[in-house]
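Morning, everyone. Please have a look at the model on the screen. I'll begin with the ligand and then turn to the sheet.

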Amino acid sequence: MAVPLFDTATPLAPLRPEIDVAIARVVDSGRFILGPEVAAFEREFAAFCGAPHAVGVANGTEALTIALRAMGVGPGDDVVVPSFTFYASAEAIPPTGARPVFCDVDPDTACVSADTVRAALTPATKAVIAVHLFGNVAPVAEIETLGVPVLEDAAQAAGSLSDAGRPGALGTAATFSFFPAKNLGAFGDGGAITTADEALADRVRTLRFHGSRDKISYEQVGYNSRLDELQAAILRVQLPHVDDWADGRRAAARHYAEAGLGELATLPVPVPGAQPAWHLYVVRSAHADAIAEQLAQRDIGARAYYRTPVHRQPAMAAYGAEAELPATDELAATHLAIPMSPVLDRAQADEVVQAIAAASD
Ligand SMILES: Cc1ncc(COP(=O)(O)O)c(C=O)c1O
C-alpha cells in the first residue's frame with residue numbers, strides 16, 4: 001500500500017463545491033485586492049486564534065519580516081532564532097537590518113526553550129522568534145520571563161492547542177503561512193500576522209501596503225505584501241474545518257504509537273501543556289537515511305527536511321559560523337518526517353511501521 005508523505009487532497013475534496021462558489025463570488029465581484037473577503041478572513045482567523053487582531057499578508061516569510069519591523073526591530077538589533085527550522089525563519093531577519101543569532105532547541109520537542117534562548121541572548125537582543133516547529137507549541141510564557149519580546153513563528157502550527165492558548169495568541173505577535181501544504185493552506189501563497197497589540201497591528205497594516213494608509217502619503221518604506229481576495233475566500237471555507245483536521249493529525253500520531261513505532265524510532269514529544277496538530281510527524285533514528293530509502297522502495301513518503309541546519313547554510317555564514325548547537329546538529333542528522341495527514345488511518349500507520357521495522361532489521 002502506497003502512503004503519501006502528506007495528503008491535502010482527500011480532506012479538501014468534500015469542500016470543493018463550497019470552494020468553487022467562493023471563487024466565483026470573488027471573480028463576479030471584480031474585487032481582488034484588500035476587499036471584503038480579506039477583511040472577513042482577518043476577523044474569522046483572529047477569533048480562531050483567540051487574538052484580537054489578524055492582518056493578511058502575502059506569505060509567511062514576509063509576515064516575519066513585517067512583524068519584526070512592527071515590533072521595532074531594525075539595524076543594530078539582534079534577533080534570537082533557532083537554527084533547526086525552515087530557513088525562512090532566519091532569512092526574514094536581515095531584511096529588517098537586524099542580525100540573526102542562532103540558538104539551540106530541546107532535542108525531544110524540537111522547539112526552543114527558555115534555556116536554549118537564554119544561552120543566545122546578547123545585550124542587543126530585541127526579539128526572539130519562537131518557532132512552533134512541526135506543530136508543537138514552544139513554551140512562549142517561559143521564554144518571555146527572560147524579558148525579551150517573543151514573535152511566534154506559527155507557520156506550521158495552525159490548529160495546535162496549548163494550556164496557555166492557541167499559537168497566535170501567546171507572544172507579542174505571531175506569524176502564519178498559508179502555503180498549500182500547511183495545516184491551513186491556500187491555493188497559492190498567503191500569510192497572516194496576529195497580535196493583541198492594536199498599535200502593532202496598525203503598523204503591520206501600513207507596512208503591508210507600501211508604508212501607506214491611503215496610497216497618497218507614504219510614511220515609511222514598506223512592502224507590497226497582501227493576502228489576496230481569492231486566497232482569503234478559499235481560506236474562509238477551510239477555516240471551520242481546521243480543528244477537525246487537527247484532531248485527525250493527533251489521531252494519526254496515536255495510530256503510530258499504538259502500532260509500535262516508539263520501539264523502532266524516537267517519537268516527537270509535545271511541549272508540556274501542548275496538543276500539537278502535527279504538521280509534519282518527525283521521528284529520530286540513527287538510520288534515518290537508510291529507512292527513507294527503504295520506505296521509498298515501498299512507495300511510502302519520507303523526507304529529512306532540515307539535514308543542513310540553517311546556521312550551516314552558505315547564506316548564513318556571516319551570522320552562524322561560530323554557533324555551537326549540539327542538539328540542532330543531532331536532530332539535523334537523525335530526523336525523518338514520515339507520512340502525516342488528517343486522514344492517515346490505522347492501516348496506513350501499520351504499513352509505515354512495518355516498513356520501518358523491515359528497514360531496521
Ligand atoms: C517554520 C516556517 N517559517 C516560515 C515559513 C515561511 O512561510 P512561506 O513559505 O509562506 O513564506 C515556513 C513555511 O514555508 C515555515 O515552515
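Lys 182 puts a polar side-chain atom 3.1 Å from an oxygen atom of the ligand. That is a polar contact, meaning a pair of N or O atoms within 3.5 Å. Thr 61 has one too, 2.5 Å from a ligand oxygen atom. Asp 153 instead faces a nitrogen atom of the ligand, at 2.7 Å. How much of the ligand does the protein bury? The ligand alone exposes 380 Å², and 91% of that is buried by the protein. Those areas use the Shrake-Rupley method with a 1.4 Å probe.

A word on the source: this is a predicted model, where local features need pLDDT of at least 70 and side-chain atom pairs pLDDT 80 or more, while totals for chains, interfaces and linings use all residues. Residues count from 1 along each chain as its sequence is written, and side-chain values use heavy atoms, without hydrogens or water.

Now the sheet. Seven strands make an open, mixed sheet, in the order E1-E8-E7-E5-E4-E2-E3. Strands here are DSSP runs of at least two residues, helices of at least four, numbered from the N terminus. Two strands pair if DSSP finds at least two bridges between them. E1 (53–57) and E3 (99–103) each have a single partner strand, so one side of each lacks a neighbour in the sheet.

Next, strands E5 (150–153) and E7 (173–177). They run parallel, joined by three bridges. Glu 152 sits opposite Ala 174 in E7.

Finally, helix H8 (198–207) packs on the sheet, touching E1, E7 and E8 (191–195). Contact means heavy atoms within 4.5 Å.

Key: Axes are lines fitted to C-alpha atoms, for helices over the stretch in contact, and angles run from 0 to 180 degrees between N-to-C directions. A polar contact is a pair of N or O atoms within 3.5 Å; within protein, one must be able to donate a hydrogen and the other to accept it, and residues adjacent in sequence count only if both atoms are side-chain atoms.
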